[in-house]
Amino acid sequence: MELGPEDVAYIAHLARLQIDEQDVPLYARNLSEILRLVETMNAVDTDGVVPMAHPVDTAQPLRADEVTEADRREEFQRNAPAVADGLYLVPKVIE
Amino acid sequence: MSVLDKSIVELGAALAGGEVTSRELTEAALQRIADARTLNCFVTVCGEQALAQADAADARIRNGGGGPLTGIPLAHKDLFCTDGVKTSCGSRMLDNFIAPYDATVVARLKQAGCVMVGKTNMDEFAMGSSNENSYYGPVSNPWDVGKVPGGSSGGSAAAVAARLVPVATGTDTGGSIRQPAALCGITGLKPTYGRVSRYGMVAFASSLDQAGPLAKSAHECALLLGAMAGHDALDSTSLDLAVPDYVSALHDDISGLKIGLPREYFGGGLDSDVAAAVHAAVDVLVGLGAQVKEITLPRQDLSIPAYYVVAPAECSSNLSRFDGVRYGYRCANPVDLEDLYKRSRGEGFGAEVKRRIMVGTYVLSAGYYDAYYLKAQKMRQLICEDFQQAFAEVDVIAGPTSPSVAFARGERTDDPISMYLSDIYTNAANLAGLPGISVPCGFVNRLPVGLQIIGNHFTEQRILNVAHRYQLASDWHDARPPAAEAP
């Protein structure tokens with residue numbers, strides 16, 4: 001798959017990544033090269049192969065639905081760029 | 001020779017016997033780190049905190065409460081969350097992040113009495129094979145400062161090789177412990193997926209990531225792994241299996257051991273001098289009674305393509321948490337929420353991380369999922385089957401860790417594909433969840449070569465045993481790089 005500048009812009013938008021205009025051609029070239037490498041898989045017939053999502057084939061353990069975490073909001077929010085009254089601040093979303 | 005040349009086995013005995021104190025070892029490590037600052041191995045050095053931990057360890061030893069690791073200085077890759085200490089993951093995104101808790105690996109080694117002297121440099125979010133993708137600048141290879149140390153655990157590997165710390169932790173998603181261990185001439189172990197808790201590791205690719213030790217010798221790796229491994233209720237993928245005594249099996253006889261040499265690990269692309277060093281190492285194992293069998297891993301060459309779908313897909317999902325809202329970097333003066341997301345991520349991430357996020361986003365996007373992601377998962381199954389067929393015939397698989405010795409800084413930065421191919425012999429073990437170890441086995445142009453030994457799931461004992469027997473019969477792991485000398 002050959003990706004052009006518009007593809008890169010669209011993927012960057014989906015990933016919520018700002019890409020400088022001048023860097024777009026290089027990303028287009030690099031991503032196209034990576035996809036070409038990846039597409040060498042297509043030479044292998046994988047019909048009927050069960051996809052492997054995970055290296056360990058076990059069931060997820062279950063536990064009782066009990067509160068196990070202490071409330072450490074203040075501590076955690078010390079890492080936040082902007083908080084007020086225990087809430088995370090972002091630019092206004094609803095007019 | 002400094003006290004830091006000794007193995008943690010010797011240091012543990014010296015500490016227990018009162019011949020040295022943890023404070024002395026810790027001061028020596030801090031001094032070495034300061035002297036070797038130009039190698040750029042560390043993002044954060046924890047001087048005061050380390051000395052306090054050392055004093056506590058010394059008190060514990062005096063009171064008879066110490067264990068084999070009590071008082072040993074070590075460094076953690078800056079990907080493990082460390083309570084109250086910056087955890088940057090090599091990224092501008094987390095340059096201001098002070099972890100509010102310890103990763104399980106960190107907590108366990110702390111409990112064992114290890115002293116954390118600092119956090120090591122790494123490729124940003126563990127994405128890279130040369131340590132050139134760090135926000136904090138590249139790390140130099142102690143054997144030749146113009147060469148890369150490998151990555152992503154390049155700071156940990158270089159710090160151990162340069163005798164700044166006796167041991168360090170790392171993580172391995174596609175070779176990030178084994179490849180830098182090989183390029184820096186030390187020993188590094190990637191355990192079986194599920195052997196060591198991932199809790200508190202900044203996630204890159206959750207079905208591939210695994211933490212492990214970097215040290216001069218397999219014996220030291222065995223000691224450290226014993227303290228790191230085991231079930232953790234905080235990581236639902238850590239398996240509830242007893243942790244064997246990795247040290248007790250080290251000396252086992254390896255006569256009759258069947259070693260598989262995959263034809264695909266010795267093909268085109270492998271430096272012929274590296275191949276010769278690996279073959280010579282295998283000959284040493286044969287001399288110890290092992291048998292060699294040529295095997296085939298027919299889908300091996302497709303592990304890189306499969307990996308570069310699976311890892312970016314998981315990375316794009318994992319790294320979506322970095323949104324400039326709850327922690328990490330936030331851009332200046334965002335005009336709206338979308339601008340906040342895009343500029344915080346665009347400015348906070350480096351080029352390689354952005355490339356992988358975009359590849360991952362693309363292969364998971366509507367219309368492409370089956371062609372890329374599902375296809376890669378099927379390839380993963382086939383790669384895993386190849387290994388299982390091989391392990392029906394042999395006990396361990398041996399080959400090179402990396403196709404070449406350390407390369408020059410800047411040599412591969414403009415060409416992502418050539419960088420990815422550095423991990424051609426290591427990616428497959430991650431896809432299959434297998435344990436692998438890299439041990440020093442010679443030099444090419446005065447740069448170290450690594451022998452990789454891969455075992456079946458949960459056979460760390462066996463590969464450590466083989467590595468240890470090899471190290472009893474060789475002395476490559478004792479070689480000191482020029483940067484290990486006093487400045």
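Reader: How much space lies in the second largest pocket?
Author: This is a predicted model. A pocket is an open set of points on a 1 Å grid over the protein atoms alone, where a 1.4 Å probe fits, with protein on both sides within 12 Å along at least five of seven lines. Its volume is the space filled by probe spheres set on points joined across faces, edges and corners. For the second largest pocket, that space is about 290 Å³.

Reader: Which residues are the closest to the centre of the second largest pocket?
Author: Lining residues have an atom within 4 Å of a point. The second largest pocket has 18 of them. The closest to its centre are B:Ser7, B:Glu10, B:Ser217, B:His477 and B:Asp478.

Reader: Which elements give two or more residues to the lining of the second largest pocket?
Author: Helices (H or I, at least four residues) and strands (E, at least two) are DSSP runs, numbered from the N terminus. Chain B has 15 helices and 11 strands. Those giving two or more residues to this lining are helix 1 (8–16), helix 7 (218–228) and helix 15 (460–472) of chain B.

Reader: How many charged residues are in the lining of the second largest pocket?
Author: Asp, Glu, Lys and Arg count as charged; Ala, Val, Leu, Ile, Met, Phe, Trp, Tyr, Cys and Pro as nonpolar; the others, Gly among them, as polar. The lining has 4 nonpolar and 6 polar residues. Its charged residues number 8.

Reader: What volume does the largest pocket have, and which residues are the closest to its centre?
Author: The largest pocket has a volume of about 570 Å³. Its lining counts 20 residues. By class, these are 13 nonpolar, 2 polar and 5 charged. The closest to the centre are B:Cys81, B:Phe97, B:Pro100, B:Tyr101 and B:Tyr327.

Reader: How many of the residues of helix 7 of chain B are buried?
Author: Buried means under 20% relative accessible area, exposed over 50%, partly exposed in between (1.4 Å probe, protein chains only). Across chain B, 66% of the 487 residues are buried. Helix 7 is mostly covered. Its buried residues include B:His219, B:Glu220 and B:Cys221, and the count is 10 of 11.

Reader: Why is helix 5 of chain B largely enclosed by the rest of the structure?
Author: Helix 5 covers residues 154–161. Among its buried residues are B:Gly154, B:Ser156 and B:Val160.

Reader: Which peptide bond is cis?
Author: Look at the loop between strand 3 and helix 5 of chain B, where B:Ser152 sits. Omega there is near 10°. The cis bond runs from B:Gly151 to B:Ser152.

Reader: Which residue follows helix 5 of chain B with a positive phi?
Author: Just after helix 7, B:Gly230 takes a positive phi of about 125°. In the loop between helix 2 (22–35) and strand 1, B:Asn40 has phi near 65°. After helix 5, phi is near 60°, and the residue is B:Arg163.

Reader: What is the relative accessible area of B:Phe458?
Author: B:Phe458 lies in the loop between strand 11 (447–455) and helix 15 of chain B. Though not a glycine, B:Phe458 has a positive phi of about 55°. The residue is partly exposed, because its relative accessible area is 25%.

Reader: How are residues, chains and values set out?
Author: Residues are numbered from 1 along each chain as its sequence is written, while chains are lettered from A and ligands numbered from 1 in the order written.

How values were computed:
This is a predicted model: local features need pLDDT of at least 70, side-chain atom pairs count only at pLDDT 80 or more; totals for chains, interfaces and linings use all residues. Side-chain values use heavy atoms; hydrogens and water are left out.
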